[in-house]
Amino acid sequence: WYEIGQQYGTRAGDLIRFTFEGWYKELLPVQGSNQAIIDYVHREESYYSALVPEALEVMRGIAEGAKEELDSSAYANTMTNYEKILMINSYFGLQAKPATAHPNATPSSSEHAGEPACSGAVIFGAATKDHKPIHVSSEDQHFFPQEYLVAFVINPSDKRAHKFTVTDTAGEIGSEHALNDAGVTVSGYAGGNVDIASPTVAAPYSGYRRPGLDWQVGDFYAAAFAGSAKQAVDLLTVGRPEYRQKTGNKIVIGKCSKGANWVISDNNNQAYVVESIPADQNGIARYAVRKPGDLGETGASYIVSTNNVEANYSCDENNVCNSSHPMSQHGHYSLHPTPYFGLNGTGTRFWTLMWLIHNNYGSITPDMVKEWRTAHYIYDAGGTRHDSLMVDGKSISPHLVPRVGTLCWHTSGPAGVDTFKGVDTYVSLSTPADLTVYRTRGRPCEWVGPWDALSLLNIPK
(Lines give C-alpha, C1' and ligand atoms only; values in the text may rest on other atoms or scores of the structure.)
Protein backbone atom coordinates (compact mmCIF):
# COMPACT_ATOMS: atom_id res chain seq x y z
CA TRP A 1 0.00 0.00 0.00
CA TYR A 2 2.88 2.35 0.76
CA GLU A 3 4.37 1.75 -2.70
CA ILE A 4 1.02 2.51 -4.33
CA GLY A 5 0.89 5.80 -2.48
CA GLN A 6 4.47 6.59 -3.38
CA GLN A 7 3.75 6.11 -7.10
CA TYR A 8 0.70 8.34 -6.79
CA GLY A 9 2.62 11.07 -4.97
CA THR A 10 5.49 11.00 -7.44
CA ARG A 11 3.26 11.30 -10.49
CA ALA A 12 0.86 13.92 -9.13
CA GLY A 13 3.13 15.84 -6.75
CA ASP A 14 2.52 19.29 -8.25
CA LEU A 15 -1.26 18.89 -8.17
CA ILE A 16 -1.09 17.57 -4.61
CA ARG A 17 0.84 20.68 -3.57
CA PHE A 18 -1.76 22.91 -5.23
CA THR A 19 -4.55 21.04 -3.45
CA PHE A 20 -2.82 21.28 -0.08
CA GLU A 21 -2.21 25.00 -0.45
CA GLY A 22 -5.79 25.65 -1.50
CA TRP A 23 -7.29 23.73 1.38
CA TYR A 24 -4.83 25.12 3.91
CA LYS A 25 -5.72 28.71 3.03
CA GLU A 26 -9.40 27.89 3.30
CA LEU A 27 -9.30 25.75 6.44
CA LEU A 28 -6.94 27.77 8.62
CA PRO A 29 -9.43 30.60 9.25
CA VAL A 30 -12.12 28.03 10.09
CA GLN A 31 -9.93 26.15 12.56
CA GLY A 32 -8.32 29.24 14.05
CA SER A 33 -4.82 27.79 14.37
CA ASN A 34 -2.38 25.48 12.67
CA GLN A 35 -2.29 23.29 15.79
CA ALA A 36 -6.05 22.73 15.64
CA ILE A 37 -5.64 21.23 12.17
CA ILE A 38 -2.77 18.99 13.28
CA ASP A 39 -4.61 17.81 16.38
CA TYR A 40 -7.69 16.93 14.34
CA VAL A 41 -5.86 14.93 11.67
CA HIS A 42 -3.99 12.89 14.29
CA ARG A 43 -7.28 11.97 15.95
CA GLU A 44 -8.45 10.75 12.55
CA GLU A 45 -5.16 8.89 12.10
CA SER A 46 -5.71 7.08 15.38
CA TYR A 47 -9.19 6.00 14.30
CA TYR A 48 -7.96 4.72 10.92
CA SER A 49 -5.16 2.75 12.56
CA ALA A 50 -7.85 0.43 13.90
CA LEU A 51 -10.43 0.61 11.10
CA VAL A 52 -8.40 0.75 7.88
CA PRO A 53 -4.63 0.99 8.47
CA GLU A 54 -4.07 0.39 4.75
CA ALA A 55 -5.38 3.91 4.10
CA LEU A 56 -2.65 5.35 6.31
CA GLU A 57 0.02 3.41 4.43
CA VAL A 58 -1.21 4.89 1.15
CA MET A 59 -1.13 8.38 2.67
CA ARG A 60 2.41 7.89 3.99
CA GLY A 61 3.46 6.78 0.54
CA ILE A 62 1.83 9.81 -1.09
CA ALA A 63 3.67 12.11 1.31
CA GLU A 64 6.99 10.51 0.42
CA GLY A 65 6.32 10.49 -3.32
CA ALA A 66 5.24 14.14 -3.33
CA LYS A 67 8.03 15.22 -0.95
CA GLU A 68 9.88 17.47 -3.39
CA GLU A 69 6.75 19.40 -4.28
CA LEU A 70 5.40 19.61 -0.73
CA ASP A 71 8.79 20.78 0.55
CA SER A 72 8.62 23.66 -1.93
CA SER A 73 5.16 24.81 -0.79
CA ALA A 74 4.67 28.29 0.58
CA TYR A 75 3.30 26.49 3.67
CA ALA A 76 6.00 23.81 3.80
CA ASN A 77 6.85 24.38 7.46
CA THR A 78 3.30 24.41 8.83
CA MET A 79 3.22 20.62 9.34
CA THR A 80 4.92 17.44 8.19
CA ASN A 81 4.24 16.20 4.68
CA TYR A 82 2.34 13.24 6.10
CA GLU A 83 0.14 15.62 8.08
CA LYS A 84 -0.47 17.56 4.85
CA ILE A 85 -1.84 14.42 3.20
CA LEU A 86 -3.90 13.60 6.29
CA MET A 87 -5.31 17.13 6.05
CA ILE A 88 -6.27 16.72 2.39
CA ASN A 89 -8.08 13.50 3.31
CA SER A 90 -9.80 15.22 6.24
CA TYR A 91 -10.72 18.49 4.55
CA PHE A 92 -14.46 18.02 4.90
CA GLY A 93 -14.34 17.41 8.63
CA LEU A 94 -12.09 20.45 8.94
CA GLN A 95 -14.71 22.62 7.26
CA ALA A 96 -16.75 22.20 10.43
CA LYS A 97 -15.93 24.67 13.18
CA PRO A 98 -13.96 23.43 16.19
CA ALA A 99 -15.41 23.03 19.66
CA THR A 100 -16.46 25.91 21.85
CA ALA A 101 -16.87 25.95 25.59
CA HIS A 102 -20.66 25.70 25.20
CA PRO A 103 -21.63 22.73 23.02
CA ASN A 104 -25.19 22.50 21.78
CA ALA A 105 -27.19 20.88 19.03
CA THR A 106 -26.85 22.44 15.62
CA PRO A 107 -29.98 22.22 13.49
CA SER A 108 -28.90 23.36 10.04
CA SER A 109 -29.46 22.59 6.39
CA SER A 110 -26.50 21.77 4.18
CA GLU A 111 -27.66 24.05 1.38
CA HIS A 112 -28.54 26.83 3.79
CA ALA A 113 -25.04 26.64 5.23
CA GLY A 114 -23.51 26.76 1.74
CA GLU A 115 -22.26 23.19 2.00
CA PRO A 116 -21.98 20.73 -0.90
CA ALA A 117 -24.84 19.22 -2.82
CA CYS A 118 -23.90 15.82 -4.25
CA SER A 119 -26.51 13.52 -5.74
CA GLY A 120 -26.82 10.14 -7.36
CA ALA A 121 -28.76 6.96 -7.97
CA VAL A 122 -28.51 3.27 -8.73
CA ILE A 123 -30.88 1.98 -11.45
CA PHE A 124 -31.11 -1.70 -12.40
CA GLY A 125 -33.28 -4.64 -13.39
CA ALA A 126 -36.61 -3.80 -14.96
CA ALA A 127 -35.89 -0.06 -14.77
CA THR A 128 -33.10 -0.13 -17.38
CA LYS A 129 -33.52 -0.93 -21.05
CA ASP A 130 -30.96 -3.76 -21.00
CA HIS A 131 -31.65 -4.77 -17.37
CA LYS A 132 -28.04 -3.97 -16.49
CA PRO A 133 -27.20 -1.70 -13.54
CA ILE A 134 -26.24 1.96 -13.81
CA HIS A 135 -24.63 3.84 -10.90
CA VAL A 136 -24.39 7.64 -11.26
CA SER A 137 -23.12 10.25 -8.80
CA SER A 138 -21.65 13.73 -8.60
CA GLU A 139 -19.33 15.74 -6.41
CA ASP A 140 -20.90 19.16 -6.14
CA GLN A 141 -18.69 21.59 -4.28
CA HIS A 142 -16.46 24.48 -5.32
CA PHE A 143 -13.96 24.37 -8.14
CA PHE A 144 -10.84 25.52 -6.25
CA PRO A 145 -8.89 23.51 -5.23
CA GLN A 146 -11.06 20.52 -6.10
CA GLU A 147 -10.63 20.70 -9.86
CA TYR A 148 -7.00 19.55 -9.52
CA LEU A 149 -8.35 16.14 -10.47
CA VAL A 150 -6.53 12.86 -10.98
CA ALA A 151 -7.84 9.48 -12.15
CA PHE A 152 -6.00 6.30 -11.29
CA VAL A 153 -6.26 2.54 -10.91
CA ILE A 154 -5.08 0.84 -7.72
CA ASN A 155 -3.97 -2.77 -8.20
CA PRO A 156 -2.83 -3.96 -4.77
CA SER A 157 -0.83 -7.08 -4.01
CA ASP A 158 -2.84 -7.47 -0.78
CA LYS A 159 -4.74 -10.75 -1.28
CA ARG A 160 -7.77 -9.39 0.59
CA ALA A 161 -8.08 -6.39 -1.71
CA HIS A 162 -9.60 -5.61 -5.09
CA LYS A 163 -8.35 -3.61 -8.02
CA PHE A 164 -10.35 -0.39 -8.32
CA THR A 165 -10.45 2.96 -10.07
CA VAL A 166 -11.36 6.36 -8.72
CA THR A 167 -11.26 9.99 -9.77
CA ASP A 168 -10.47 12.42 -7.00
CA THR A 169 -8.84 15.69 -6.09
CA ALA A 170 -5.07 15.21 -6.00
CA GLY A 171 -3.91 13.80 -2.68
CA GLU A 172 -7.22 12.16 -1.78
CA ILE A 173 -7.40 8.39 -1.74
CA GLY A 174 -11.12 7.71 -2.15
CA SER A 175 -13.17 10.73 -3.10
CA GLU A 176 -16.72 10.49 -4.40
CA HIS A 177 -17.06 7.48 -6.76
CA ALA A 178 -15.07 4.25 -6.97
CA LEU A 179 -15.56 1.02 -8.96
CA ASN A 180 -13.75 -2.25 -8.27
CA ASP A 181 -13.10 -5.39 -10.30
CA ALA A 182 -15.90 -7.27 -8.50
CA GLY A 183 -18.38 -4.76 -9.96
CA VAL A 184 -18.89 -3.01 -6.60
CA THR A 185 -19.43 0.73 -6.94
CA VAL A 186 -19.34 3.08 -3.95
CA SER A 187 -20.16 6.77 -3.95
CA GLY A 188 -20.11 9.05 -0.93
CA TYR A 189 -21.82 12.32 -0.02
CA ALA A 190 -22.41 14.66 2.87
CA GLY A 191 -25.39 13.34 4.82
CA GLY A 192 -27.61 14.20 7.75
CA ASN A 193 -26.83 17.49 9.42
CA VAL A 194 -29.92 18.42 11.42
CA ASP A 195 -29.81 18.08 15.22
CA ILE A 196 -26.22 16.89 15.30
CA ALA A 197 -24.44 17.50 18.59
CA SER A 198 -21.68 20.09 18.67
CA PRO A 199 -18.22 18.80 19.58
CA THR A 200 -16.77 18.51 23.05
CA VAL A 201 -13.69 20.58 23.91
CA ALA A 202 -11.61 17.71 25.28
CA ALA A 203 -11.35 13.93 25.19
CA PRO A 204 -13.34 11.77 24.98
CA TYR A 205 -14.33 13.63 21.86
CA SER A 206 -17.95 13.60 20.80
CA GLY A 207 -20.20 15.60 18.52
CA TYR A 208 -19.64 16.17 14.84
CA ARG A 209 -15.84 16.36 15.16
CA ARG A 210 -15.38 13.03 16.89
CA PRO A 211 -12.90 10.67 15.23
CA GLY A 212 -14.56 8.62 12.52
CA LEU A 213 -14.61 7.43 8.94
CA ASP A 214 -14.55 10.37 6.55
CA TRP A 215 -16.90 9.93 3.59
CA GLN A 216 -14.23 9.78 0.91
CA VAL A 217 -11.90 7.47 2.87
CA GLY A 218 -14.99 5.28 3.21
CA ASP A 219 -15.08 4.97 -0.57
CA PHE A 220 -11.47 3.75 -0.51
CA TYR A 221 -12.25 1.28 2.29
CA ALA A 222 -15.29 -0.28 0.63
CA ALA A 223 -13.95 -0.30 -2.94
CA ALA A 224 -10.66 -1.85 -1.84
CA PHE A 225 -12.11 -4.61 0.34
CA ALA A 226 -15.71 -5.39 -0.65
CA GLY A 227 -16.55 -8.24 -3.02
CA SER A 228 -20.27 -7.44 -3.00
CA ALA A 229 -22.59 -4.59 -2.15
CA LYS A 230 -23.64 -6.36 1.06
CA GLN A 231 -20.01 -6.72 2.14
CA ALA A 232 -19.47 -3.01 1.47
CA VAL A 233 -22.46 -2.22 3.70
CA ASP A 234 -20.94 -4.32 6.48
CA LEU A 235 -17.57 -2.57 6.19
CA LEU A 236 -19.19 0.87 6.36
CA THR A 237 -21.56 0.10 9.22
CA VAL A 238 -19.80 -2.33 11.58
CA GLY A 239 -16.28 -2.65 10.13
CA ARG A 240 -14.00 -5.67 10.11
CA PRO A 241 -13.85 -7.97 13.15
CA GLU A 242 -10.37 -6.74 14.07
CA TYR A 243 -11.67 -3.16 14.28
CA ARG A 244 -14.40 -4.16 16.70
CA GLN A 245 -12.00 -6.26 18.76
CA LYS A 246 -9.35 -3.55 18.95
CA THR A 247 -11.64 -0.64 19.78
CA GLY A 248 -14.61 -2.20 21.51
CA ASN A 249 -16.82 -0.30 19.08
CA LYS A 250 -19.83 -2.10 17.68
CA ILE A 251 -20.38 0.24 14.72
CA VAL A 252 -18.38 2.49 12.41
CA ILE A 253 -18.56 6.23 13.11
CA GLY A 254 -19.43 7.65 9.68
CA LYS A 255 -18.95 11.36 9.14
CA CYS A 256 -18.43 14.25 6.76
CA SER A 257 -18.54 17.74 8.24
CA LYS A 258 -21.48 16.15 10.03
CA GLY A 259 -23.20 13.06 8.60
CA ALA A 260 -22.20 10.93 5.61
CA ASN A 261 -24.15 8.90 3.03
CA TRP A 262 -22.72 6.05 0.99
CA VAL A 263 -24.52 4.69 -2.08
CA ILE A 264 -23.44 1.13 -2.89
CA SER A 265 -24.23 -1.24 -5.75
CA ASP A 266 -22.89 -4.35 -7.45
CA ASN A 267 -23.36 -6.27 -10.67
CA ASN A 268 -25.93 -8.60 -9.09
CA ASN A 269 -28.65 -5.93 -8.91
CA GLN A 270 -28.03 -5.21 -5.24
CA ALA A 271 -28.08 -1.61 -4.04
CA TYR A 272 -28.12 0.17 -0.69
CA VAL A 273 -27.78 3.62 0.86
CA VAL A 274 -25.91 3.77 4.17
CA GLU A 275 -26.91 6.85 6.17
CA SER A 276 -24.55 7.69 9.07
CA ILE A 277 -24.24 10.48 11.60
CA PRO A 278 -21.40 10.87 14.12
CA ALA A 279 -23.59 12.11 16.98
CA ASP A 280 -27.28 12.77 17.55
CA GLN A 281 -28.43 15.38 20.07
CA ASN A 282 -27.22 13.11 22.86
CA GLY A 283 -23.83 12.47 21.26
CA ILE A 284 -24.71 8.97 20.03
CA ALA A 285 -23.51 7.88 16.58
CA ARG A 286 -26.13 6.24 14.39
CA TYR A 287 -26.55 4.56 11.04
CA ALA A 288 -29.34 3.15 8.90
CA VAL A 289 -29.44 1.23 5.63
CA ARG A 290 -32.04 1.95 2.94
CA LYS A 291 -32.94 -0.48 0.16
CA PRO A 292 -34.73 -0.02 -3.16
CA GLY A 293 -38.47 0.00 -2.54
CA ASP A 294 -38.27 1.46 0.96
CA LEU A 295 -39.60 4.80 -0.32
CA GLY A 296 -42.02 3.29 -2.83
CA GLU A 297 -39.58 3.06 -5.75
CA THR A 298 -41.31 1.31 -8.66
CA GLY A 299 -40.43 -2.36 -8.81
CA ALA A 300 -37.80 -1.89 -6.08
CA SER A 301 -35.41 -1.40 -9.02
CA TYR A 302 -33.74 1.89 -8.12
CA ILE A 303 -32.61 3.99 -5.21
CA VAL A 304 -31.74 7.70 -4.97
CA SER A 305 -29.62 9.62 -2.49
CA THR A 306 -28.64 13.26 -2.32
CA ASN A 307 -27.64 14.81 1.01
CA ASN A 308 -30.92 13.84 2.64
CA VAL A 309 -31.45 11.00 5.10
CA GLU A 310 -34.75 9.18 4.78
CA ALA A 311 -34.59 5.87 6.70
CA ASN A 312 -37.49 5.29 9.11
CA TYR A 313 -35.26 3.70 11.75
CA SER A 314 -31.66 3.87 13.00
CA CYS A 315 -29.09 1.76 14.84
CA ASP A 316 -27.26 3.14 17.87
CA GLU A 317 -23.67 2.59 19.03
CA ASN A 318 -24.62 -0.76 20.55
CA ASN A 319 -25.88 -1.74 17.08
CA VAL A 320 -29.43 -1.89 18.44
CA CYS A 321 -31.84 -0.89 15.67
CA ASN A 322 -35.39 0.39 16.07
CA SER A 323 -37.86 2.92 14.67
CA SER A 324 -38.09 5.12 17.77
CA HIS A 325 -35.25 7.27 16.41
CA PRO A 326 -35.74 7.52 12.62
CA MET A 327 -32.70 8.70 10.70
CA SER A 328 -34.98 11.00 8.68
CA GLN A 329 -35.21 13.42 11.61
CA HIS A 330 -31.58 14.35 10.91
CA GLY A 331 -32.13 15.61 7.38
CA HIS A 332 -35.40 14.74 5.64
CA TYR A 333 -35.86 16.40 2.24
CA SER A 334 -38.48 18.77 3.64
CA LEU A 335 -36.56 20.09 6.66
CA HIS A 336 -35.53 23.76 6.44
CA PRO A 337 -37.21 24.18 3.05
CA THR A 338 -36.61 26.79 0.41
CA PRO A 339 -39.59 28.99 -0.54
CA TYR A 340 -40.39 26.46 -3.28
CA PHE A 341 -42.67 23.41 -2.98
CA GLY A 342 -41.84 22.66 0.66
CA LEU A 343 -38.46 21.20 -0.30
CA ASN A 344 -34.89 22.05 0.60
CA GLY A 345 -32.16 22.04 -2.06
CA THR A 346 -31.45 18.41 -1.26
CA GLY A 347 -35.12 17.66 -1.77
CA THR A 348 -35.35 19.26 -5.21
CA ARG A 349 -32.43 17.16 -6.45
CA PHE A 350 -33.81 14.05 -4.77
CA TRP A 351 -37.26 14.32 -6.31
CA THR A 352 -35.88 15.31 -9.72
CA LEU A 353 -33.99 12.02 -9.89
CA MET A 354 -36.88 10.04 -8.41
CA TRP A 355 -39.32 11.32 -11.03
CA LEU A 356 -36.93 11.05 -13.96
CA ILE A 357 -36.41 7.38 -13.15
CA HIS A 358 -40.12 6.77 -12.53
CA ASN A 359 -41.17 8.49 -15.76
CA ASN A 360 -38.63 6.61 -17.88
CA TYR A 361 -38.89 3.25 -16.12
CA GLY A 362 -38.01 0.36 -18.41
CA SER A 363 -36.25 2.43 -21.05
CA ILE A 364 -33.35 3.98 -19.12
CA THR A 365 -29.88 3.86 -20.70
CA PRO A 366 -26.51 5.25 -19.61
CA ASP A 367 -26.75 7.96 -22.28
CA MET A 368 -30.15 9.01 -20.96
CA VAL A 369 -28.79 9.31 -17.44
CA LYS A 370 -25.84 11.37 -18.72
CA GLU A 371 -28.36 13.72 -20.32
CA TRP A 372 -30.25 14.00 -17.02
CA ARG A 373 -27.07 15.23 -15.39
CA THR A 374 -27.22 18.39 -17.55
CA ALA A 375 -30.67 19.26 -16.16
CA HIS A 376 -31.35 22.88 -15.14
CA TYR A 377 -34.99 22.12 -14.23
CA ILE A 378 -36.43 20.50 -11.10
CA TYR A 379 -39.34 18.25 -10.18
CA ASP A 380 -41.38 18.77 -7.04
CA ALA A 381 -42.51 15.89 -4.82
CA GLY A 382 -45.78 15.63 -6.74
CA GLY A 383 -44.04 15.04 -10.06
CA THR A 384 -44.48 18.45 -11.70
CA ARG A 385 -41.52 19.73 -13.69
CA HIS A 386 -40.45 23.36 -13.21
CA ASP A 387 -38.24 25.04 -15.81
CA SER A 388 -38.37 28.46 -14.13
CA LEU A 389 -39.04 29.94 -10.71
CA MET A 390 -40.23 33.40 -9.74
CA VAL A 391 -37.69 35.35 -7.69
CA ASP A 392 -38.56 38.96 -6.78
CA GLY A 393 -40.96 39.11 -9.70
CA LYS A 394 -38.46 37.70 -12.20
CA SER A 395 -38.53 34.33 -13.94
CA ILE A 396 -35.22 32.55 -13.19
CA SER A 397 -33.96 29.14 -14.27
CA PRO A 398 -33.75 26.90 -11.18
CA HIS A 399 -30.03 26.23 -11.70
CA LEU A 400 -29.40 29.91 -10.94
CA VAL A 401 -31.60 30.12 -7.83
CA PRO A 402 -29.68 29.86 -4.54
CA ARG A 403 -30.59 26.87 -2.37
CA VAL A 404 -32.64 25.27 -5.15
CA GLY A 405 -30.46 22.37 -6.24
CA THR A 406 -30.62 21.09 -9.81
CA LEU A 407 -28.76 18.05 -11.16
CA CYS A 408 -26.44 20.48 -12.97
CA TRP A 409 -26.25 23.28 -10.44
CA HIS A 410 -24.43 26.51 -11.15
CA THR A 411 -24.72 29.01 -8.36
CA SER A 412 -24.88 29.76 -4.67
CA GLY A 413 -24.83 33.51 -5.39
CA PRO A 414 -27.55 36.04 -6.19
CA ALA A 415 -30.52 34.73 -8.15
CA GLY A 416 -29.88 34.73 -11.88
CA VAL A 417 -26.11 35.12 -11.49
CA ASP A 418 -23.61 32.40 -12.38
CA THR A 419 -20.73 32.85 -9.94
CA PHE A 420 -18.56 30.34 -11.88
CA LYS A 421 -17.28 28.97 -8.55
CA GLY A 422 -19.01 25.59 -8.76
CA VAL A 423 -20.85 23.45 -8.08
CA ASP A 424 -20.48 20.26 -10.15
CA THR A 425 -16.81 19.41 -9.67
CA TYR A 426 -17.26 16.22 -11.67
CA VAL A 427 -19.87 13.56 -12.45
CA SER A 428 -19.24 9.81 -12.67
CA LEU A 429 -21.37 7.02 -14.14
CA SER A 430 -20.45 3.35 -13.77
CA THR A 431 -21.73 0.40 -15.78
CA PRO A 432 -20.44 -2.47 -13.65
CA ALA A 433 -21.41 -5.12 -16.20
CA ASP A 434 -18.38 -4.05 -18.25
CA LEU A 435 -16.44 -2.52 -15.32
CA THR A 436 -16.42 0.91 -16.97
CA VAL A 437 -16.58 4.38 -15.45
CA TYR A 438 -17.58 7.43 -17.48
CA ARG A 439 -16.63 10.87 -16.15
CA THR A 440 -16.95 14.57 -16.83
CA ARG A 441 -14.85 17.31 -15.37
CA GLY A 442 -16.80 20.32 -14.19
CA ARG A 443 -20.44 21.04 -14.95
CA PRO A 444 -21.95 18.42 -17.30
CA CYS A 445 -23.90 20.92 -19.39
CA GLU A 446 -20.56 22.46 -20.42
CA TRP A 447 -18.90 19.16 -21.32
CA VAL A 448 -18.32 18.75 -25.05
CA GLY A 449 -18.28 15.33 -26.71
CA PRO A 450 -18.36 11.82 -25.21
CA TRP A 451 -17.64 11.47 -21.53
CA ASP A 452 -14.16 10.23 -20.61
CA ALA A 453 -14.16 6.47 -20.05
CA LEU A 454 -11.92 4.04 -18.20
CA SER A 455 -12.50 0.30 -18.06
CA LEU A 456 -10.90 -2.06 -15.58
CA LEU A 457 -10.96 -4.60 -18.39
CA ASN A 458 -8.77 -2.43 -20.59
CA ILE A 459 -6.48 -0.30 -18.45
CA PRO A 460 -4.35 2.26 -20.32
CA LYS A 461 -0.63 1.61 -20.17
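This is a predicted model: local features need pLDDT of at least 70, side-chain atom pairs count only at pLDDT 80 or more; totals for chains, interfaces and linings use all residues.
1. **Ring pairs overall.** The count of aromatic pairs comes to 20. One of them joins Tyr24 and Tyr75. Their ring centres lie 5.0 Å apart. The planes meet at 45°, so this pair is tilted; stacked would need under 30 degrees, and edge-to-face over 60.

2. **Where that pair sits.** Tyr24 belongs to helix 2 (residues 13-31). Tyr75 lies in the loop between helix 5 (67-71) and helix 6 (81-88). Tyr24 is buried, at 5% relative accessibility. Tyr75 is partly exposed, with a relative accessible area of 25%.

3. **A ring cluster.** Ring pairs also tie several residues into a cluster. Its members are Trp1, Phe164, Phe220, Tyr221 and Phe225.

4. **Charges over rings.** Two lysines are worth a look. The charged end of Lys84 sits over the ring of Phe20, 5.6 Å from the ring centre. Lys370 lies over the face of Tyr438, and here the distance to the ring centre is 3.8 Å.

5. **Helix 6.** Eight of the eight residues of this helix are buried, so helix 6 is largely enclosed by the rest of the structure. The buried residues are Asn81, Tyr82, Glu83, Lys84, Ile85, Leu86, Met87 and Ile88. What covers them? The cover includes helix 2, helix 3 (34-51), helix 4 (53-65) and helix 5. Helix 7 (91-94) and helix 9 (215-225) are also among the covering elements.

6. **Helix 2 against helix 3.** The axes of these helices come within 8 Å and cross at roughly 100°. That angle falls in the range 65 to 115, so helix 2 is roughly perpendicular to helix 3. Helix 2 makes the contact through Tyr24, Leu27, Leu28 and Gln31. Helix 3 contributes Asn34, Ala36 and Ile37. By class, the contact has five nonpolar, two polar and no charged residues.

7. **Ser119.** Is this residue buried or exposed? Ser119 counts as buried, because its relative accessibility is 0% and the cut-off for buried is under 20%. Ser119 is found in the loop between strand 1 (105-106) and strand 2 (120-123). Leaving out residues up to four places away in sequence, Ser119 touches Val136, Ser137, Ser138, Asp140, Tyr189, Ser305, Thr306, Arg349, Leu353, Arg373 and Leu407.

Key. Residues are numbered from 1 along each chain as its sequence is written. Side-chain values use heavy atoms; hydrogens and water are left out. Rings of Phe, Tyr and Trp (its six-membered ring) pair if their centres lie within 6.5 Å; planes under 30 degrees apart count as stacked, over 60 as edge-to-face and the rest as tilted. Helices (H or I, at least four residues) and strands (E, at least two) are DSSP runs, numbered from the N terminus. Buried means under 20% relative accessible area, exposed over 50%, partly exposed in between (1.4 Å probe, protein chains only). A charge sits over a ring if NZ of Lys or CZ of Arg is within 6 Å of the ring centre and within 35 degrees of the ring normal. Contact means heavy atoms within 4.5 Å. Axes are lines fitted to C-alpha atoms, for helices over the stretch in contact, and angles run from 0 to 180 degrees between N-to-C directions. Angles under 35 degrees count as roughly parallel, over 145 as roughly antiparallel, 65 to 115 as roughly perpendicular and the rest as oblique. Ala, Val, Leu, Ile, Met, Phe, Trp, Tyr, Cys and Pro count as nonpolar, Asp, Glu, Lys and Arg as charged, and the others, Gly among them, as polar.
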